[in-house]
Amino acid sequence: MSSTSEPKLISGNANMPLATAIARRMSMHRGVTVGLVEARVERFNDGEIFVEVFENVRGEDMFIIQPTSNPANDNLMELLIMADALRRSSAARITAVIPYFGYARQDRRSKARTPISAKLVANMLVEAGIERVLTMDLHAAQIQGFFDIPVDNLYASPVFALDIMKQFKNDLDDVMIVSPDVGGVARARELAKRITAPLAIVDKRREKAGEVAEMTIIGDVVGKKCIIVDDMCDTAGTLCKAADVLMENGASEVHAYTTHGVMSGPAVERVTGSVLKSMVITDTIAPTGAVRATPNIRIIPTAPVFAQAILNIWNGTSVSSLFETPTLEPVYEGQFGN
């Protein structure tokens, strides 16, 4: 256990509601008030970011809560500058809690003369003084190997499994999990195994980035309640087209469970006008007003699992225990209704 009295949380501007919810959940677990360290994170007139921490953090176990979502560069710089401020203020340990890890899609050289930006970001985080990273559903699991510090990658699939078993409790025999591409098969198979459901795959061919030319369904989806599982939804073009193809192939209804609701460009309009009966996202990225107002989008909170993971890190206990249903179910008690 840490020698400090309580873990200390600090947040940038990327997702303050999530940071506040994590602090509230930790207060419930600890039986004492765990608040956010008071700080000023603002911009000069020319866009430069300035951070000032108003509380003493010397010798403290600090957790910076900051997804690097849109605007990715601003939020990343806030995280780096906060880490530098804490390091120079003699914090004992600095953990970056990055619910959504931006630049994760640039995890390899896809063609000649291109960067591996995810590795560059990892180097920057370590150089800024961050000693541990806590994140959720990295776009590619191998990104953990880009760091020379511990990385705890939480998974949304155990939480999704709990929700699916509540929402489809009378129709679980008809549920089929669908991977929207071959690269997401491992993620979809993990969820399918948790709820004992069959698996189908959408084989897609891209002409260019963001544009899908052709889709083929591998598996029999006739009469099934299909649940498309993915780690992120950006413009929702692929998701909505996959839903159309599933319905054309005989699915009775189509739902989607996506960890990170990037929801850029025409995403909200596409989901609203799609055949998707429901779409579930988490709050790793702060949802916009338009996303919250969309009738077929539902948001699952991640504060319970992040709060417990932070406490486990602080206590020096297992984070991977949160992947198991018996451990996770009490953490989410009452979150999914009856």
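The side chain of S274 reaches the backbone nitrogen of L276 at 3.2 Å, a polar contact in the sense of a pair of N or O atoms within 3.5 Å, where within protein one must be able to donate a hydrogen and the other to accept it, and residues adjacent in sequence count only if both atoms are side-chain atoms. The structure is a predicted model, in which local features need pLDDT of at least 70 and side-chain atom pairs count only at pLDDT 80 or more, while totals for chains, interfaces and linings use all residues. Residues are numbered from 1 along each chain as its sequence is written, and side-chain values use heavy atoms, with hydrogens and water left out.

**Surroundings of S274**
- S274 lies in the loop between helix 7 (267–272) and strand 13 (278–282); helices (H or I, at least four residues) and strands (E, at least two) are DSSP runs numbered from the N terminus.
- A polar atom of the S274 side chain also lies 2.8 Å from the backbone oxygen of V271.
- S274 counts as buried because its relative accessibility is 16%; buried means under 20% relative accessible area, exposed over 50%, and partly exposed in between (1.4 Å probe, protein chains only).
- Apart from neighbours within four places in sequence, S274 is in contact with C240 and N296, contact meaning heavy atoms within 4.5 Å.

**Nonpolar cores**
- The largest nonpolar core has 48 residues, and L9, I22, L154 and I177 have the most contacts inside it; such a core is a set of buried Ala, Val, Leu, Ile, Met, Phe, Trp, Tyr and Cys residues joined through side-chain atoms within 4.5 Å.
- Helix 9 (residues 303–315) gives the most to this core, with nine residues.
- Not counting residues up to four places away in sequence, I22 touches L9, I65, A303, F306, A307 and I310.
- A second, separate core of 36 residues includes I10, V41, L80 and A122.

**Helix packing**
- Helix 2 (residues 72–88) packs with helix 3 at an angle of about 25 degrees, their axes 9 Å apart; axes are lines fitted to C-alpha atoms, for helices over the stretch in contact, and angles run from 0 to 180 degrees between N-to-C directions.
- That angle makes helix 2 roughly parallel to helix 3, since angles under 35 degrees count as roughly parallel.
- L76, L79, L80 and R87 in helix 2 meet V121, M124, L125 and E127 in helix 3.

**Aromatic pairs**
- A search of the whole structure finds four aromatic pairs, that is, rings of Phe, Tyr and Trp (its six-membered ring) with centres within 6.5 Å; planes under 30 degrees apart count as stacked, over 60 as edge-to-face and the rest as tilted.
- One of them, F160 with Y257, is edge-to-face, at 5.2 Å centre to centre and 70 degrees between the planes.
- This pair links distant parts of the chain, as F160 is in helix 4 (residues 157–167) and Y257 is in strand 12 (residues 253–261), 97 residues apart.
- F160 is buried at a relative accessible area of 2%, and Y257 is buried at 1%.

- R109 has its place in the loop between strand 5 (93–98) and helix 3 (117–127), and its side chain reaches the backbone oxygen of T114 at 3.1 Å.
- Y103, in the loop between strand 5 and helix 3, has a positive phi of about 70 degrees although it is not a glycine.
- R113, also not a glycine, has a positive phi of about 60 degrees and is exposed, with a relative accessible area of 77%.

Notes. Parallel < 35°, antiparallel > 145°, perpendicular 65-115°, else oblique.
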